[in-house]
Amino acid sequence: MTGNDVGPPGPRCRGTNGGLMSGPNHASPPPAGSHAAWAGVVVPLAAEVDRLIPLAATLGVADPATSAWHGQLFGKLVPQLARPPVLVVAVGGGTNTGKSLVVNSIAGAAVSRSTPEAARTRHPLASLPVGMAATDGIGGLFPGFVPRRWESDADPITASPLPGEAEDILVWKEDTTGRQPAGVVLLDTPDIDGTLRDNWHRAELVRNAADVIVAVLTQQKYNDAAVRDFFRPAATAGKTLIVVFNMVDWPRQRERIAGWLATFRAETGSDPIAVYAAPYDPAAADRGAIGFHPLPECTPGGDRTAPAYLTGPEVIAALAASDIDRIKLKALSGALAVVLDPVAGVEGWLEAYSASARAWQASRQRLADAAHVEVTLPPAPREIVWNEIWTWLEPRRSRFDLAVSGVYRLAGRGVAWAARGVGLRRDAAERREDFAAEELAALKRALGGFVERLDDACRADERLAGVLAPRLVGADRTAWFADLQARHAALPVISDDYRAFVRAELDRFARDNPATVRWILAALNAGAVARPAITVGLGLAGAAVVPAAAATAGSLSTLVHTAGDVVVGTAATLAGEGALGLTAAGLKPLVERLFAGWSMERSRVLADSIHDVVLGDVLTELDRLASAGSRPEPERIRRLLAAARELA
Amino acid sequence: MARPADDPIAAPGTEVDFAAFDDLVTSIRAWVGSFPEWPPARGVQAAWDGVEPRLDRARRELSRLLVVGVVGGTGTGKSTLVNALAGGEVSPAGDVARPTTVAPVVVAAPDVDVAWLPLEAIGARVVRSNAPAVANVVLVDCPDPDTQSSSPPGAEPRPSDGNRNRDLLEAILPACDVLLLVATAQKYRSWIVAREVAAFAPGRPLLFVQTHAQRDHDIRPDWQRELEAEGFTVPRIFRVDGLDAARRGAAGLAPEPGFAALVRAIDEELAGRAARRVRRTGSLDLAGWFLGESSRLLDPCRDGVAALMAGAAGERARLERRLADAVAVRLRAGRSGWQRLLTGELLDRWQGGAFAIFLHAVAALANLWPRGRGVGGGVIGRLLAGEAPVPVTAGRASWQHLHDLGITEAEVEQSRSVLSGLAARARLQPPLVGRACLDEAAVESTVTALLDRSGLWLASGIDRLVAERRGRLDGRAVRWGFEILFSGLAVLILVREGIDFFYRRLWLGEQGNGSGFLQEAIVWLLLWGLALRWLLLVRLRGGLDHDIERLVAGLGDAHLVDPLLADFTAAGERAAGYLAEQRRLAERCATLAAALDEPAVGLGRLRSRAP
């Protein structure tokens, strides 16, 4: 779909004035309100798109800044719908084809210096009609450029950005000859095929903003791919083209031009409203004012009675005499059509965005599935948990069967004493030390395993690699293990969280099972030693046993959770009433929970290390990317696109 | 008109130079293929694949005429210039339509064999010419690079969809030895032409020509700046007008100076002996360019590889420290084990004699107590108990034995995880290195190897300590000293008892003091024996702690923990060796190039990549 398909219906106009179109049979200009109506849709559309672009870039969606719709939306529609209309006429072409000379000629003054060396014009120059600087200026008309007031004709060559200023400068100057038509802004542009790629970019920004483009072509360059590639999008976006064949060996090459032009038209899909030949004339070039031979035979319906020779200012006057409003409307409709194109327009980009967001969601899920590691902690020293329970039991002790507890405690102590005596059992401090060493080893292994799983996930998924690799590859892993070791060393035996958890569990149990509370002590003494299988992983929602370990639901976070079964090994066979009490009253699960809770508290240091040191803010970043699909902007953009289609 | 290989006017040193160059190429070839598993090295290999055939060909075709490719944008007058050089209309030229030249045109002297050019593949047409400018070179009028679309065909067909000029150009240029770059005021700064030339300039000398001299300004100073900024050396740019030259040629007039200079340069710099020099310089330039490219590919990895090597050394030291600490503690703690070992030595060497018999008797009693007690089992305990260092175990169970040596699975995995990160930075990924967490098979090969080595090393260390002490027993004075001290008491007791019995009781008839003295005496003898034994063992054990320290200090040289990290160190060393060899080769190439450098008057070349 081209811009021509979308513009208001009506025959294309052919002018009478040197081949320019004029207005006897065009559709009436749009009512004054129509710009405002367009702006009411296009401006919010651009705002939504603009909000989404940085996120899209991090999602890996191709940068839209180089796409046609982006240029038309941000470079043309938004700035130009928001202000009184002006006709932007830009002169464009390859290196050393005489663009600056053409600009000087049609401006009737030396505004942009013309040099024999190629690619010298680095910055676009805008010549404004008299009075415009005092009223609207060019503020906002050329987004992406830093405007700089003209001081000499060398500015487009030598201007350089001030420190901290953007690289792209637009030099502007108000017409002093008084010959530049009101409402027409004339621009010289850098080249589009030279070795300085910045020049191309600047020329493209100007092209996007233009309504009329004066294509300066030469015998050498009219069919260069770079030249075609520059003018084709202009034609697609409904911009009006005027072709100047420069440095023509006049009149010898006059009959050649029709063939050259046919090639250019076929290649770019353009339909120039006027074609001129500027003869090769070094003397005139030195004077800075070349002449133009209209070639009405090259434009269907061209006026063959027009004068055979025009000066530069007459060329622009001829343009101004044609139907400017219609040219403007055609350019705006063309721009909108480019934006609305279902494949190459905003919608195509939005599709790519959604697809990428879905892929990120899948990647996040893959990471959540892959990145978890089972930690096999050593069995907790029983007295640690036991002491907490004992503290809870103390005030309730009078209500217990003291005999039962006494027997168990005595028996337990006797066995312990005997075991120590024969060297089979170490004392409490030694046991703590052994436990701490074993626990640290288990945590370190878990960290190593976790990191390896992350490495694997990165190798399997390029997206994850993009986010995680800088941390996994760039970081000093020794510091991770050192951090884990430091956290583990600083870990109190019993945390306040765990204390509160034990109280709450026991209170709840006592409330639910008033009759069997007295068996708690017996059960503990008879001695379940729990060896919970802890899983540390990246989860999407937290269901941790110890509340403080719970994560914010819905986001990816390092979690500690028990994996289904708590392995409870019993130190002694439970017998008689004790065993009965345990199973009947659900004491076993209670004991499991108490031990599991303690172990999970311990493994939190691992989760913290992973979260704070290994992954840093990567999880937040990943969540942000994975939730891109559920943001409101795409839906709003789709609605605005639909509204814009109705306008168009 | 291929000249014979042993060209009489060839410089005598040429073959020698080529021998040095061949050596360099052989070394490069061996180096390029030496580490194919490493991704950066694969990039180098890919670059080499593009360069190697050209180097080979340059060597083989040393004496063939040079092929000069005339390249430049469309409309710059390539064909016009070729026509002027060929002295007639050999290639269509003009301004009717762009591009003019679609099929390349090869211009050669009538007797030159051009069959080796890929004429059919590029659809080239051969034209013979007697013009002096093409007597000693082959000219190829190439298609332009700037009219073929770089964007894919759109929905609507365009005339340029079928334009394959750039593809054609890229097919022809590999066959060219020299590039004749033609530009005009409008095209000397063309990005696409610069890109194509930069791609094919390595190893190909260039002639730079500004055409359209009669119409355009002289842009040579600016063009020269541009070319130099792109890394070319530009000794000279010729400025000609092809149309004018052709007209003058046709009219039999003398060529104007610019064109004459170009023809002269072609004859002097590209024909005969100069052609060999061009080839040799081109080949060296190409090898230098390739080594420069490989620097560009490899330099980002150098820091990573160095970090991996440093990290591997650090982790090895860390594990060794743990191993040394644990070994020292265990060896010191194994007092009874040492005692038993030393006693064993004692018993083996001291036979007969009263004290020896006493020692044997004590040892026999001590053996009733279970072995290994107090040593705590483990590798060291077993060694001190005189058993084989490691029982045969498979897989994960071997970790258990390592714990005794202070190295746990967790510590090894920590080291391996740290090194995995560093290896990834050096782009050494599995399977070049193993995984951080050792699997069953890896444990088998690493942990078991470590245990074997440690066992052997410890056993030999303990043997050495024991042997040093054994020496202390070998002196006769020591042995007989102890025997006399021990036997002395026994003799004293016997003498006293003899006096008691024979003299006092039988002779004097006094009442003896019965067996009381004998019992007492035996207890004293026993105590005396034990005291002597203790003295002996103190003497044997003397300085043991210090010797253990000395033993452990030598642990680093034994490289005991190496098997645990062997994959990382091996991969790191390979990568470091590969990188070092690249530096050496680049230096060799630069030295050779400097030795053979001859200033060219009119030929430019690509010295380096543009910044």
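A: Chain B of this predicted model holds 19 helices and 9 strands. Its radius of gyration is 45 Å, well over the 25 Å that the globule rule gives for 611 residues, so chain B is more spread out than a compact globule. Along the principal axes, its C-alpha atoms fill a box of roughly 165 × 60 × 40 Å. Buried residues account for 41% of the 611. Take the contacts in chain B between residues at least 6 apart in sequence: 79% of them join residues at least 24 apart.

Now the sheet. It is open and has 7 strands, in the order 3-2-4-1-5-6-8, with mixed pairing. Which strands stand at the edges? They are strand 3 (125–128) and strand 8 (237–239) of chain B. Each has a single partner strand, so one side of each is left without a neighbour in the sheet. From one strand to the next, the twist averages 25°.

Strands of a sheet pair through backbone hydrogen bonds, either parallel or antiparallel. One pair in this sheet shows the parallel case: strand 1 (residues 66–71) and strand 5 (residues 178–183) of chain B run parallel and are joined by 4 bridges.

Helix 3 is mostly covered, with 9 of its 9 residues buried. Among them are Lys78(B), Ser79(B), Thr80(B) and Asn83(B). Leu81(B), Val82(B) and Leu85(B) are buried as well. Gly87(B) follows helix 3, and its phi is positive, near 70°.

For a view of strands in the other chain, turn to strand 4 (residues 169–174) of chain A. There, 5 of the 6 residues are buried, so strand 4 of chain A is largely enclosed by the rest of the structure. Strand 2 (residues 125–128) of chain A runs parallel to strand 4 of chain A, with 4 bridges between them. In that pair, Ser127(A) stands opposite Lys173(A). Strand 3 (residues 146–149) of chain A is also joined to strand 4 of chain A by 4 bridges, again in parallel. Here Arg149(A) has Trp172(A) as its bridge partner.

The two chains meet. In all, 44 residues of chain A are in contact with 46 residues of chain B. Several elements of chain A give two or more residues to this side, including helix 7 (225–236), helix 8 (254–268) and helix 15 (428–460). Helix 15 of chain A gives the largest share, 8 residues. By type, the chain A side divides into 14 nonpolar, 17 polar and 13 charged residues.

Finally, confidence. The mean pLDDT of chain B is 85, and 92% of its residues reach 70 or more. Residues 1–13 of chain B are the place for caution, with pLDDT below 50. Beyond near neighbours in sequence, that stretch has 16 contacts in the model. For the complex, the predictor gives an ipTM of 0.78 and a pTM of 0.79.

Definitions and conventions: Residues are numbered from 1 along each chain as its sequence is written. Chains are lettered from A and ligands numbered from 1 in the order in which they are written. This is a predicted model: local features need pLDDT of at least 70, side-chain atom pairs count only at pLDDT 80 or more; totals for chains, interfaces and linings use all residues. Two residues are in contact if their C-beta atoms, placed from the backbone, lie within 7 Å. Ala, Val, Leu, Ile, Met, Phe, Trp, Tyr, Cys and Pro count as nonpolar, Asp, Glu, Lys and Arg as charged, and the others, Gly among them, as polar. Two strands pair if DSSP finds at least two bridges between them. Axes are lines fitted to C-alpha atoms, for helices over the stretch in contact, and angles run from 0 to 180 degrees between N-to-C directions. The radius of gyration is taken over C-alpha atoms; the globule rule is 2.2 Å times the number of residues to the power 0.38. A residue is buried if 20 or more other C-beta atoms lie within 10 Å of its own, exposed if 12 or fewer, and partly exposed in between; C-beta atoms are placed from the backbone. pLDDT is the predictor's confidence in each residue, from 0 to 100.
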